[in-house]
Amino acid sequence: MTALSHIRNFSIVAHIDHGKSTLADRLIQSTNTVAERDMKAQMLDSMDIERERGITIKAQTVRINYTAKNGEDYVLNLIDTPGHVDFAYEVSRSMRAVEGSLLVVDSTQGVEAQTLANVYHAIDANHEIVPIFNKIDLPASDVSRVAEQVEDVIGIDASGAIAVSAKTGEGIVETLEAIVHQLPAPKGDPDAPLRAMLVDSWYDSYLGVIVLVRIIDGKLRKGEKIKFISNGTLHHVERIGVFRPKMENVDELGPGEIGFLTASIKQVRDTRVGDTITHQKSEVTPLPGFKPAQPVVFCGLFPVDSALFEDLREAIDKLALNDASFSFEMESSAALGFGFRCGFLGLLHLEVIRDRIEREYDIDLITTAPSVVYHVHMRDGTMTELHNPADMPDMTLIDHIEEPRIKATILVPDEYLGDVLKLCQDRRGIQSDLTYAGSRALVVYDLPLNEVVFDFYDRLKSVTKGYASFDYSLMGYREDALVKMSVLVNDEPVDALSMMVHRDRAEVRGRAMVEKLKDLIPRHMFKIPIQAAIGGKVIARETLSAMRKDVTAKCYGGDASRKRKLLDKQKAGKKKMRQFGSVNIPQEAFISALKMDS
Ligand SMILES: Nc1nc2c(ncn2[C@@H]2O[C@H](COP(=O)(O)OP(=O)(O)OP(=O)(O)O)[C@@H](O)[C@H]2O)c(=O)[nH]1
């Protein structure tokens, strides 16, 4: 057990790519926490997918021993936090387990939207904050400009900021000294009954569920009986330890310390993040609890090859073991067969899960239109949550529909401001703020989430050539004129393509959808009408004319093997299609049709 005065707990907040992981690696390396030969770049981003995309998804932790210039030995616990908007909730909860933050800002770029969002979580958690201006080895680095921005835009004192190159190691010792001298030591009572905060949990195939804890008061030892206060479940502690960043067993954890426990817990779902852990017989007041993360975006996942449904179930079960914020239930669709309706924290979360299923489990998927959760108020006074436009009740029974709205914060260089305002306006946005920070504008918009889930972020990046940064938080629900738009191919409704739209935008959306489908659906031997409709009323229509596709026509004469090859190719192509009545729709058509350009 380390004395409280010699512990510092901190996290690093940054915008994506500003160098959080590189800095963490450098802190670990310079304190010899990991032997040189074990040091692989980006120790903390452990999952392949994170490494590939360069984003941190799951919070990780590391304990660093540091002998300061004053000769004293300190224990520094770093909790790594995810950097993307979808995981804002995880950021906020891990912030509550530490007392300070390093605010990393790329000194060649400046403050970005996620810098703001994340630093506000740190401010909310009452953190002491040390600004770190990174990448000073680059010629474009401008520390004084960034310092000014930090003071103007965020409103924190930048006089104690440290200029760092996580790449060359310059400023790393100064950073370690700042952690020791500028961040506060944790408080806690070693003799009080145990109170530990459940910070995070994840599934490990050898050890079962691993629970990350921050001890507030008291001591936790191996072999003890503990209780999760939220649901009263009892567990026998098998192992406790710390991350360096490899797991290392210890005998006890005391106040201010951060470590893990295992207790034969089978599912991540049995552990509630934010819960208070105490001894079986102790009665303590729970720590101010956190709300469990609520999925906000739903979509259907169906195997392209319907024979792989059981494999998909297995994949989803396994992924859910390790991700309590991902929800799912079985769904069957007339068009797509059996699959799952899944709930995600946001679009990135959706993409990560979908990629993992396709890649790690080798199952090709059809993803239906992402939908947000609508509140449907019925005439009889009841309210139902609508997760799937296909389940929309009869319009005549509905009184009104409410949709979720977000507060979007966008930072963008001046020259692109006009395009950004237009994009937000097109997406039914209401401007709530517009200020300037140097040559960049800070725009705040109130936007319907359903206008954001399709391709808002992609559009934003393309209209600003990648220079805008974006962050959002959910604000609440508001009534609007929303309708369900159905798509009919050859007079058959394709439920996977139905979506909720604003009445004023329905015609434009419907027109774009049928035009796109007309290009995406291959011609058949007969004419195919493609329609968009609201209720019984057709709002847009295209007709795909008939054509006989004879792939062997160009093989004059008798080259039988070439002819067979072409027919095989055609057959393979057909496997990727879905039969709707008598019409085949290729899988790409679903995905492309749902990506709407304005
Ligand atoms: N030249 C230079 N490059 C740096 C420095 N620090 C980080 N980088 C580079 O900047 C890029 C982003 O760094 P990361 O550490 O992955 O950024 P991050 O903030 O952890 O990003 P996420 O994990 O996605 O949140 C990488 O290519 C790093 O090699 C630095 O001090 N100088």
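# Notebook: strands, a helix and a cavity

I started at one pair of residues: Met 197 stands opposite Thr 276 in S16. The model I am reading is predicted. I looked up the strands around that pair. Strand S7 covers residues 195–204 and strand S16 covers residues 276–279. The two pair in the antiparallel sense, over two bridges.

**Entry: the sheet around S7 and S16**

S7 and S16 belong to an open sheet of eight strands, and the order reads S11-S10-S16-S7-S8-S15-S12-S13. The pairing in this sheet is antiparallel. At the edges I found strand S11 (234–236) and strand S13 (247–249), each pairing on one side only.

A reminder to myself: strands of a sheet pair through backbone hydrogen bonds, either parallel or antiparallel.

**Entry: the whole protein**

I stepped back for the totals. I noted 14 helices and 34 strands in the protein. The protein has 598 residues, and 55% of them count as buried. I then checked how far apart in sequence the contacting residues are. Among contacts with a separation of 6 or more, 69% join residues 24 or more positions apart.

**Entry: the mixed sheet**

Next I looked up an open sheet with six strands. Its order is S2-S3-S1-S4-S5-S6, and its pairing is mixed. The edge strands here are strand S2 (61–67) and strand S6 (162–163), which each pair on one side only. Helix H1 (residues 20–30) packs on this sheet. H1 touches strand S1 (7–14), S2, strand S3 (73–79) and S4. The direction of H1 makes about 150° with that of S1.

Strand S4 (residues 100–106) and strand S5 (residues 128–134) run parallel, joined by seven bridges. One partner pair I wrote down is Asp 106 with Asn 134 in S5.

**Entry: helix H1**

Which residues of H1 are buried? I listed Lys 20, Ser 21, Leu 23, Ala 24, Asp 25, Leu 27 and Ile 28. These buried residues pack against S1, S2, S3, S4 and helix H6 (172–182). An α-helix has 3.6 residues a turn, so residues three or four places apart point the same way. After H1 comes Asn 32, with a positive phi near 55°.

I looked for positive phi elsewhere. Asn 126 has a phi near 60°, positive although the residue is not glycine. Asn 126 sits in the loop between helix H4 (113–124) and S5. Is Asn 126 buried or exposed? Asn 126 is exposed, because its relative accessible area of 68% is over the 50% cut-off.

Asn 490 also has a positive phi, of about 55°. Asn 490 lies in the loop between S28 and strand S29 (492–493).

**Entry: S28 and S30**

Strand S28 (residues 482–489) pairs with S30 in the antiparallel sense, over four bridges. Met 485 stands opposite Met 499 in S30. In a regular strand the side chains alternate between the two faces of the sheet. I checked this in S30: Met 499 and Val 501 point one way, Met 500 and His 502 the other way. All four are buried.

Then I looked up Ser 486, which is found in S28. Ser 486 counts as buried because its relative accessible area of 18% is under the 20% cut-off. Leaving out residues up to four places away in sequence, Ser 486 touches Ser 498, Gln 531, Ala 532 and Ala 533.

**Entry: the cavity**

How many cavities of 30 Å³ or more does a search of the whole structure find? The search finds one. About 60 Å³ of space lies in the largest cavity. I wrote down its lining: Ala 369, Pro 370, Ser 371, Val 372, Tyr 374, Pro 389, Asn 450, Phe 454, Met 499 and Met 500. Strand S21 (371–372) and strand S30 (499–502) each supply at least two residues of that lining. By class, the lining has eight nonpolar, two polar and no charged residues.

**Entry: Thr 409**

My last stop was Thr 409, in strand S24 (residues 398–413). Thr 409 is buried, because its relative accessible area of 17% is under 20%. Apart from neighbours within four places in sequence, Thr 409 is in contact with Ala 113, Leu 116, Leu 442, Val 443, Ser 469, Phe 470 and Asp 471.

Key
Residues numbered from 1 in each chain as written. Predicted model: local features only at pLDDT ≥ 70, side-chain atom pairs only at ≥ 80, totals over all residues. Heavy atoms only, no water. Pairing = 2+ DSSP bridges. Contact = heavy atoms within 4.5 Å. Axes fitted to C-alpha atoms, helices over the stretch in contact; angles between N-to-C directions. 1 Å grid on protein atoms, 1.4 Å probe; cavity = no way out; pocket = protein on both sides within 12 Å on 5 of 7 lines; lining within 4 Å. Points joined across faces, edges and corners; volume = space filled by probe spheres on them. Nonpolar A, V, L, I, M, F, W, Y, C, P; charged D, E, K, R; others polar. Buried < 20%, exposed > 50% of the residue type's maximum accessible area, 1.4 Å probe, protein only.
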